[in-house]
Amino acid sequence: MTLQTQAPTVGAHPIQAVEDRAYAKVFWRIVPFLMLCYVVAYLDRVNVGFAKLQMSSELGLSEAAYGVGAGIFFIGYFLFEVPSNIIMNKVGARVWIARIMVTWGLVSAAFMFTTSETVFYVLRFLLGVAEAGFFPGIILYLTSWYPAHRRAKIIATFMSAIPVSAIFGNPLSGLLMDSFHGTHGLSGWQWMLLIEAIPAIVFGIVTFLYLDDSIRTAKWLDDSEKDVLTANISAENRAKASSPHSIGATLTDRRVWLMCLIYFCFVLGQYGLNFWMPTIVKATGVTGNLNIGLISAIPYICTFVAMLALGRSADRLRERRWHLVVPALIAAGGFVAATTATSTTVAIACLSLAAAGAISCAPLFWSLPTAFLTGTGAAAGIAWINSVGNLAGFLGPFLVGYLKDFTGNNSAGMYLLAVALVVGSLAVLAVPAKTVNR
């Protein structure tokens, strides 16, 4: 007599089939939409790099002053990040993310009225306040749907919005600046900032109508699918016994501060590149804003492919540390090599390595803290790590600008970014593999 082993079932359906169907539904329902929202957010955050090509001369901004203005965004971001995420944890993602998007859209549109260095600084600070909580809120939201072994691929897919926003946003920004310059007495950079702010307001309204706060409130899932997804998240949360359970405990946890250091280093490399890419490309002899935008998109195409491949590999192998260390070191090498480039082709090849490695570190990094944080600890911890790390978004553009003013070239800034990525890599190796390799 032959005994047959039956697969576990939910109702009349094998549990694996229900789980696969449920995660397919979740992916197509929320991930592409959140990715579109992040494309809009990231474009509004970094399009000042293109505005600089016209704005600096019109307003009389020095390289260092632009760096301060580009980076002061992150001061407002830092101050309001943790409170924003805690509020979202209480009121729900649908309402709070919608509020964030509409607010930052309005502030971003107001940039067209920039008339001086002071106004530029104030609006960049207010944009940081408005957007605070969006990114960590999304990361927290995704952890309520996906367990650790599925999360790197999903976060990488979501964060592929960064290169996508550059691939399409850089040429778009250049085209808008060239096409609308002088229309109704406004400069091209003013039109570009106004037009690119509108999608944030539109998507904010759509978010309120479209997004679901939790698995249980999702009407597009049946009961068996909700049961499987909820069980997976509950099982993972039970396994995180060492997670800090209060805001105070989270902010004093040594592991959280190590995460802050790692993310700070990686963000320094990422934003130092993002805010200065158009300027670096222009310095190689490329003329015309549209041409600069098209060529600046090339490194981000490489980044898009690298992010998705590394996210899949990290989940498949359930290995997190070396998937961070290797891309970071490759990026450091790309920055160093870029300082010796003698042509646009060689410079773009080096910047492609730098972008693919540095920007890919961001989604891969979030597999580390979400492996041990849950509940209130996750809400506060993710926001705190992101806010401290993003202070590098202030320091990076400022230092690159200062070093360029001081030395007269981009080399010193590129060396700085390379060193930061090496330090971040060493800090990753201090994280116990058994804590994060899930």
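**Burial, core and loops in a predicted helical chain**

At 13% relative accessibility, Asp 212 counts as buried, where buried means under 20% relative accessible area, exposed over 50%, and partly exposed in between (1.4 Å probe, protein chains only). The residue sits in the loop between H9 and H10. Helices (H or I, at least four residues) and strands (E, at least two) are DSSP runs, numbered from the N terminus. Leaving aside neighbours within four places in sequence, Asp 212 contacts Arg 29, Tyr 141, Trp 145, Thr 217, Ala 218 and Trp 220. Contact means heavy atoms within 4.5 Å.

The model is predicted: local features need pLDDT of at least 70, side-chain atom pairs count only at pLDDT 80 or more, and totals for chains, interfaces and linings use all residues. Residues are numbered from 1 along each chain as its sequence is written, and side-chain values use heavy atoms, with hydrogens and water left out.

The protein chain has 21 helices and two strands. Its C-alpha trace spans about 85 × 45 × 45 Å along the principal axes. The radius of gyration is 22 Å, which agrees with the value near 22 Å for a compact globule of 438 residues. This radius is taken over C-alpha atoms, and the globule rule is 2.2 Å times the number of residues to the power 0.38. Buried residues make up 58% of the 438 residues. Among contacts between residues at least 6 apart in sequence, 83% join residues at least 24 apart. The accessible surface comes to about 16,600 Å², and 68% of it belongs to carbon and sulfur atoms. Accessible areas come from the Shrake-Rupley method with a 1.4 Å probe; for residues, only the protein chains shown count as cover.

The largest nonpolar core holds 136 residues. Such a core is a set of buried Ala, Val, Leu, Ile, Met, Phe, Trp, Tyr and Cys residues joined through side-chain atoms within 4.5 Å. Tyr 38, Trp 104, Phe 134, Trp 145, Met 159 and Trp 366 touch the most other members. The largest share of this core, 15 residues, comes from helix H1 (residues 15-46). Not counting residues up to four places away in sequence, Tyr 38 touches Phe 134, Phe 135, Phe 158, Met 159, Ala 161 and Ile 162.

Helix H6 (residues 134-143) is largely enclosed by the rest of the structure, because ten of its ten residues are buried. Among them are Phe 134, Phe 135, Pro 136 and Tyr 141. Phe 134 and Phe 135 are touched by Tyr 38. Tyr 141 is in contact with Asp 212.

Helix H15 (residues 298-317) has 20 residues. The helix reaches 29 Å from its first C-alpha to its last, close to the 28 Å expected at 1.5 Å a residue. That expected span is 1.5 Å times one less than the number of residues. The buried residues of H15 include Pro 299, Tyr 300, Thr 303, Met 307 and Gly 311.

Just after H15, Arg 318 takes a positive phi of about 50°. Arg 318 is a residue other than glycine. Its place is in the loop between H15 and helix H16 (322-338). Arg 318 is partly exposed, with a relative accessible area of 42%. His 184 also has a positive phi of about 50° although it is not a glycine. This histidine lies in the loop between helix H8 (161-180) and helix H9 (188-210). His 184 is exposed, at 72% relative accessibility.

Ala 338 lies in helix H16 and is buried at 17% relative accessibility. Ala 338 and Ile 348 are ten residues apart in sequence and 8.1 Å apart in space, C-alpha to C-alpha. Leaving aside neighbours within four places in sequence, Ala 338 contacts Cys 350 and Leu 351. Ala 235 lies in helix H10 (residues 223-239) and is partly exposed, with a relative accessible area of 37%. Ala 235 and Phe 180 are 55 residues apart in sequence and 55 Å apart in space, C-alpha to C-alpha.

A search of the whole structure finds zero disulfides. The criterion is a pair of cysteine sulfur atoms within 2.5 Å. For Cys 260, the nearest cysteine sulfur, that of Cys 265, is 11 Å away. For Cys 361, the nearest cysteine sulfur is that of Cys 265, 11 Å away. Cys 260 is buried, with a relative accessible area of 2%. Cys 361 is buried at 0%.
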